[in-house]
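Please open the model in your viewer and keep the selection tool at hand.

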Amino acid sequence: MKRLIYIGALLSAVLFPLFAAAAESVIPSPGDHPRLILLSGEEQAVRDKIAADPVVKGADSTILSFCQKALSQPPVERVKIGKRLLHVSREALKRIFYLSYAWRIHGNDIYADRAIEEMMAVCRFSDWNPTHFLDVGEMTMAVAIGYDWLYQRMTQPQRDSVVAAVRKLGFEASRNEKWAWFYNAENNWNQVCNAGMVYGALALWEACPEEAGEIVRKCLETNPKSLASYSPEGGYPEGYNYWGYGSSFQIMLLVALQSCYGSDLSLMEQEGAGFYRSGSFLQMMRTPTGKCYSYYDSPRHAAAQYMQAYMALCSGDFSLLQPEIEVMKAYNYRHLTEDRLFPMFPLLAARIAVPLGSLPKPVASQYVCGGVTPLYLYRSGWQSPEDTYLAVKGGISLSSHAHADQGSFYFEDDGVVWATDLGSQNYESLESKKLGIWKMTQNSDRWNVFRIGPFCHNILTVNSHKPKVNHEAVLTATGTPERPGAEVGLSAIYSEDLDSCYRKVYLEGRDLVVEDWIEARDTACRVRWALCSETEASIEGNAVCLSANGKTRYLRATVIRSSWLHRRQKLSPCIWETSYPKDRKAPDVPAPEEEPLWNWPDSPIHSWDAPNPGTSLSGFLLDLKPKEKVLLRVVLSPK
């Protein structure tokens, strides 16, 4: 008997935690329709906010204006561009979300019926392009929002059509491991696709509770992989633009769980801290002139990142939202990042008690993050477009959407972008040329694209070689209020040609100073120092003169060589301009180091390169002897 008791106790000790874990993994049934984002009865709070707050009224008017135009347009059709159906999924999401919002807040049945027509159209598609699963994720979210919000307006056959389409074109597709690799991803794909699948699961719960529960469970297991990329300080590795994509859908996911269950089902317990800090990252990525630090695949102009409303609500820091409000008003609520989700702005704004037109201005002057893409960001103030802004980055080129730009910097002062990053190029324009831009190997086509590769960035290149893409540039913040800046260890990425390389970028008064400590290997080498700028460039003596908007700065370089430390050698500057002589044939391989007065073309060097009007590329060339050590000091100064 004692033996049986012992065995029973042992089995209980082993099996009870398993039973408990299984019980904890059971996802409860959500409430009645509508249950996603905006519950029944919550519409009035949104109406009240629209009536009381001019900022929210402006946003609401923009949504209604779009809805009026959508009424006269035919439903979307299944027409791919290259390998993507994503533009169709996004348009469907925008139409269904906007029209459903208009019906719930303003009550005109014509909006609901038009949204249902759009849903029926996409449910008749043969598929939602599962080979590029973002298309499926966004389309599933679109149909799910319409189904949940318009449930009472839809006929039973219409509901059946949605259920059948989502289960076949969404859920079934997500069980194909070849297509649904997003479950193992650490980037925006994880966030967007998981959010779309969960919206479908929560909307269709009654029709397929076991299937829906499994989808939610799988999200809770896999979504933290993408959340980990924000750790520890909140920096988003993929940059400003993809924060607007990945983080917006992460917020959509969280809002859906909270509206259905009153909590996030513990999703954010382990990896959520960095995500909630990322509002500060995004705020400091905006520059005084209204642009953004456009590293990686990002446009140069900042948009209204209205999902900061959620970050402001979570943190209680409403200064996070204030710059976005300014952009909304400046652009009359248009040119919004990921604007298919824009109804979230008035819905979130309804939860903010203070008037949105009088939010406090930010006060932060410095932001530093580690992680996959370490950054140093400095801003002298938030009062004027002439404030000073400096950004320095490290990291590794093997990360998602990365460019070959480790050790680069961005600089604004006096209302001029003196050092810029050209940002992204349209993917289809490159994929249509059969370029393998998603391969991150050293010899990938990706690094031959001008905007992505090293030769347009504010970095060093040596012997025309591309820096090592699988090695990390380690960033250390050294900034003080008197001398803001950072240091970057670059030895690993230049190991093919240099024994060591170390860069310091800092402000000294109104001067930008860049110091590169370089040691050659056992062969001679040529170093190219480059600056890409939104200015006109000309050579004046031993300096490059940069001019824009009536403002002028001078770029000068000196080198201290180990063999004669008591002397400084002045370097001759070079300019690679954006204007390109029409009678001169462009080469297939850019080699500006070999031709000091090289003209970088405004028209493409390669057939796949986008033009870059309004920019100049200039710098200095430095020849090193074997094993020679030098300090290359470049100063950008008003004098």
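Searching the whole structure turns up four cavities of 30 Å³ or more, where a cavity is a set of points on a 1 Å grid over the protein atoms alone at which a 1.4 Å probe fits but cannot get out. Grid points are joined across faces, edges and corners, and a volume is the space filled by probe spheres set on the points. This is a predicted model, in which local features need pLDDT of at least 70 and side-chain atom pairs count only at pLDDT 80 or more, while totals for chains, interfaces and linings use all residues. Residues are numbered from 1 along each chain as its sequence is written, and side-chain values use heavy atoms, with hydrogens and water left out.

For the second largest cavity, with a volume of about 60 Å³, select Val462, His465, Lys466, Pro467 and Lys468 together with Ile493, Tyr494, Ser495, Glu496 and Asp497, which line it; lining residues have an atom within 4 Å of a point. By class, this lining has four nonpolar, two polar and four charged residues, with Ala, Val, Leu, Ile, Met, Phe, Trp, Tyr, Cys and Pro counted as nonpolar, Asp, Glu, Lys and Arg as charged, and the others, Gly among them, as polar.

Select Arg84, Leu86, Arg90, Tyr242 and Tyr427, the closest to its centre of the 37 lining residues. Then colour helix 4 (86-106), helix 8 (188-203), helix 11 (239-261) and helix 16 (427-431), the elements that give two or more residues to the lining; helices (H or I, at least four residues) and strands (E, at least two) are DSSP runs, numbered from the N terminus. Helix 11 supplies the largest share, four residues.

Finally, select strand 2 (residues 375-379), which is largely enclosed by the rest of the structure because five of its five residues are buried, that is, under 20% relative accessible area with a 1.4 Å probe and protein chains only. Leu375, Leu377 and Arg379 point one way from strand 2, and Tyr376 and Tyr378 the other way.

Which strands run antiparallel to strand 2? Strand 1 (residues 366-369) is joined to strand 2 by four bridges, and strand 3 (residues 389-393) by five; two strands pair if DSSP finds at least two bridges between them. Look for cysteine 369 opposite leucine 375, and for valine 392 as the bridge partner of tyrosine 376.

Key:
1 Å grid on protein atoms, 1.4 Å probe; cavity = no way out; pocket = protein on both sides within 12 Å on 5 of 7 lines; lining within 4 Å. Buried < 20%, exposed > 50% of the residue type's maximum accessible area, 1.4 Å probe, protein only.
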